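Please follow along residue by residue.

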Amino acid sequence: MTATKGLEGIVAAKSSISSIIDGVLTYQGINIDELAEQASFEEVVYLLWHGKLPTQDELDGLIAELGQFATVPTEVIEGLRLYPKASNSMAALRTVVSSLALYDSEANDMSKEANLRKAIKLQAQLPTVVAAYARIREGKEPIAPKQGVGIAHNFLYMLTGEEPAQVAIEAMDKALVLHADHELNASTFAARVTVATLSDIYSGVTSAIGALKGPLHGGANEAVMVMLDEIGSLVNVEPYIQNKLNNKEKVMGFGHRVYKNGDPRAKHLMQMSRQLGELKGDMTLYEMSIKIEDLITSQKGLKPNVDFYSASCYTMLGIPRDLFTPIFAISRVSGWSAHILEQYEDNRLIRPRAEYVGPVNQHYVAIGERG
Ligand SMILES: CC(=O)SCCNC(=O)CCNC(=O)[C@H](O)C(C)(C)COP(=O)(O)OP(=O)(O)OC[C@H]1O[C@@H](n2cnc3c(N)ncnc32)[C@H](O)[C@@H]1OP(=O)(O)O
Ligand SMILES: O=C([O-])CC(=O)C(=O)O
């Protein structure tokens, strides 16, 4: 038995949710470029869960259910007030999602209907939780979700307490569409491994949030913004990046396990970054990002991934950088849930093997005789 480090190239599941074939990403066979330009996030959620785009009635029904479930139990909001103010935002989100199970009477109901309902609840509640967390740590009161508006709109409203501009809603909605699913990425795999023991959907999503948090995965979007903040201005880009490359340090937001010729989502976020810069009348972050891309691509041959331009976009939307990965989770919970439901449909325990490389033929030595 020989291990493949990082399971690179190993096909570990059959799935009909999203595909990456020859560098093209599709959700249910629809190219991400079409969805990014035309679909709303709620249409994508329906697509991932039901395998087809919704009719107007089906879409209205989903939006109504998301509204109905968007309110988070008071106990959970009260719990947020007790978290240390300096908590890591993804650790807080992971803890909240785990605790949501305690207040859901059907948390352990494994029927198909209950599992779909729990997927809707999680999708509805994550934006409320992230916005409430962000406000409470600033000493502000959480804002109750609005009914009848999309998740992008509601999230920005609950975060700021103000009616968001149409351009901000559209940018956020597109970002949510672009992050919704991505085949067997690390967090989705973690979710599938967890529920393949026939554990519940809250456990699966809690595992997934833990996996998304890391900087090699979803945590890279925050790390990109840390880097942009450290660089500070266009003139500093070249020496900063050169120094990183000389020290053989990774530059966050570049490279990908599957895409070697570029992540198809990045160009949409790059355009969004440019447009938001133009609207703000401040191109600094966009221009710094373009310069970093030029340097990394020419010197390392690495292309930006989904996490690179999302950092400047979210900052220009006025969002604090430690909410970037929680926003990724607000979107990706749609994909995690789709994969969890798919796993339950045709389940088998996921339990690979390890190549043993430890010592052999050892013997127990009494404690007093050990060196
Ligand atoms: C939503 C997402 O999860 S998208 C990915 C987000 N993560 C990041 O942006 C973090 C930065 N990128 C990386 O760490 C990697 O490119 C990963 C983890 C995304 C993919 O990694 P892998 O396919 O395992 O590639 P691996 O990490 O083995 O790198 C291969 C080589 O490219 C180099 N490399 C890969 N990414 C980078 C990078 N961002 N900056 C500099 N060098 C890099 C590695 O140092 C390594 O070089 P070596 O062969 O000389 O040692
Ligand atoms: O697929 C991956 O390995 C990471 C990624 O881009 C994603 O989860 O969106």
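## Helix α6

Most of α6 is covered, with 21 of its 26 residues buried (buried means under 20% relative accessible area, exposed over 50%, partly exposed in between, with a 1.4 Å probe and protein chains only). Helices here are DSSP runs of H or I with at least four residues, numbered from the N terminus. This is a predicted model, in which local features need pLDDT of at least 70, side-chain atom pairs count only at pLDDT 80 or more, and totals for chains, interfaces and linings use all residues. Residues are numbered from 1 along each chain as its sequence is written, and side-chain values use heavy atoms, leaving out hydrogens and water.

At Q125, α6 bends by about 30°, and the proline P127 follows within four residues; the bend is the angle between axes fitted to the seven residues ending there and the seven starting there. Just after α6, G139 has a positive phi of about 80°.

## The UniProt active site

The unreviewed UniProt entry lists H256 and D307 under "active site"; such annotations may be inferred rather than shown by experiment. They span 52 residues in sequence, yet no two of their C-alpha atoms are more than 10.5 Å apart, so they gather at one spot.

H256 sits in the loop between α12 and α13 and is partly exposed at 22% relative accessibility. D307, by contrast, belongs to helix α15 and is buried at 5%. Beyond its neighbours within four places in sequence, D307 is in contact (heavy atoms within 4.5 Å) with residues including H217, N221 and F328.

How values were computed. Chains lettered and ligands numbered in written order. Helix = DSSP H or I, 4+ residues; strand = E, 2+ residues; numbered from the N terminus.
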